[in-house]
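Please open the model in your viewer and keep the selection tool at hand. We will go from stop to stop, selecting a few residues each time and looking at what is there.

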Amino acid sequence: MEITSSLRNYSVDFPQSPDFFSRLLSRFPNHFTIIDENVWRLYGGTLLSAVDLERAAVLPVEEERKSLESVLLLYDRLVRQTAKRNITVISVGGGILQDISGFAASTIYRGVNWVYVPTTLLAQADSCIGGKTSLNYGPYKNLIGTFYPPAEVLVHTAFLQTLQDLDFYSGLGEVVKLAIIGGDEATGEMVRLLPRMLERQERALHQGVHRSLLIKSRYITEDEFDSGIRNFLNYGHCFGHALESTTEFAVPHGQAIVIGMLLANIVGRRRNLLSSDLFDFLTQKLILPSIKVRLRPEQMAVGPVVGAMKQDKKRTGKDLPLVMLMDAFKMAKVDDLKESEAAEALAEGMDILGSAGGVTT
Ligand SMILES: NC(=O)c1ccc[n+]([C@@H]2O[C@H](COP(=O)([O-])OP(=O)(O)OC[C@H]3O[C@@H](n4cnc5c(N)ncnc54)[C@H](O)[C@@H]3O)[C@@H](O)[C@H]2O)c1
């Protein structure tokens, strides 16, 4: 798959053979590898055994570490390498590792060659393309960042077999989001694929990842710098980012997004822009089956969630921003969501999640 970008075109390949990583290292003699600590623990003795730890950093991965401090530690390691501007940074891990290492690669020496090997479902199906790198600033999520696509992305779906359930479901949230944004046909395909993806059947995972990337690539090619239709990729994010921050990231990103999609759909249905039939279909067939996290009622409390939504960096006016799904799979971004509507959506969303067993007492 080729992704077109005004910064640099790049390829996404799907190597199947387990020796793909050693072959990648040998193509770039001046490499420095940055690896997610858990991935290193699981694959250091096998798939990643060709890594030279003298020329590698193994990073603990937590949302709190997506910070400038982590980037400074990487700069320290990178400046001590013999290779300078001719270095190739190879990142191996999920979205957090991608964001930290991509930011470092995009800024050191004003940007060095960067190759990304995503290892989570979220990173393989979504974040590996689009060229964004983001850091959190204090409590503010993804406030700092750059646009810097990797030179190559290598997607090896076998990595997904070792993901913890919650991390797998987090990625599924973004996969389902992209299918819905992709329209009627993509949604139907995802409804058929979902049961096999949940069983982590290799072929279904490959298909799900590939289709998600195709849909996302259409949006990022048309609106690379996120000023128009790329906004629709933020479906689920307005409520979702707020839930992530009010729960201090106890609800993982993709799970917050899928709950955010449910809440956005409630607003759409209440505004008579989304039919009850389509609302029910999506809720039953895609949204509820993709939710693994169990919320406590206070985690959906109106005050903190609406308070966090007011901090949304896409907010432009007095009311709140929202990306909405409408009938016939049309999308819209509105800026007039009233706090009272957000409160009603949270209350109804809690009821729906509660009857599906997604709420603890
Ligand atoms: N840059 C972008 O365009 C973009 C887009 C969407 C999301 N994001 C960011 O991505 C982050 C979430 O990424 P994520 O969902 O990949 O989570 P993550 O990077 O936190 O990884 C989740 C967990 O899975 C572990 N892990 C990674 N690969 C594994 C494997 N193969 N087997 C077992 N465990 C593995 C990690 O160590 C971690 O504990 C958020 O910070 C979000 O803001 C960035």
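The tour below visits the ligand, then a loop residue, and then several salt bridges.

This is a predicted model, in which local features need pLDDT of at least 70 and side-chain atom pairs count only at pLDDT 80 or more, while totals for chains, interfaces and linings use all residues. Residues are numbered from 1 along each chain as its sequence is written, and side-chain values use heavy atoms, with hydrogens and water left out.

**First stop: the ligand**

Select the ligand together with the 24 residues around it, of which Asn 38, Gly 95, Thr 120, Lys 141 and Thr 162 come nearest; a residue counts as near when one of its heavy atoms lies within 4 Å of the molecule or strand. Helix H4 (95-107) is one of the elements that supply at least two residues of this shell, and H4 gives the most, with four residues. Helices here are DSSP runs (H or I, at least four residues) and strands are runs of E (at least two), numbered from the N terminus.

Next, show the side chains of Asp 36 and Lys 66: a polar atom of Asp 36 lies 2.8 Å from an oxygen atom of the ligand, and a polar atom of Lys 66 lies 2.9 Å from an oxygen atom of the ligand. Taken alone the ligand exposes 870 Å², of which the protein buries 90% (accessible areas by the Shrake-Rupley method with a 1.4 Å probe; for residues, only the protein chains shown count as cover).

**Second stop: Ser 5**

Now select Ser 5, in the loop between strand S1 (2-3) and strand S2 (10-13). Is Ser 5 buried or exposed? Ser 5 counts as buried because its relative accessibility is 10%, where buried means under 20% relative accessible area, exposed over 50%, and partly exposed in between (1.4 Å probe, protein chains only).

The model has 21 salt bridges, each being a side-chain nitrogen of Lys or Arg within 4 Å of a carboxyl oxygen of Asp or Glu. Select Lys 177 and Glu 174, whose side chains meet in one of them at 2.9 Å, N to O; both residues lie in helix H6 (residues 165-182), three residues apart, about one turn of the helix, and both are buried.

Then select Asp 336 and Arg 271, a salt bridge with its closest N and O atoms 3.1 Å apart. This pair links distant parts of the chain, 65 residues apart, with Asp 336 in strand S11 (residues 331-337) and Arg 271 in the loop between helix H10 (253-270) and helix H11 (276-287).

Note on methods
A polar contact is a pair of N or O atoms within 3.5 Å; within protein, one must be able to donate a hydrogen and the other to accept it, and residues adjacent in sequence count only if both atoms are side-chain atoms.
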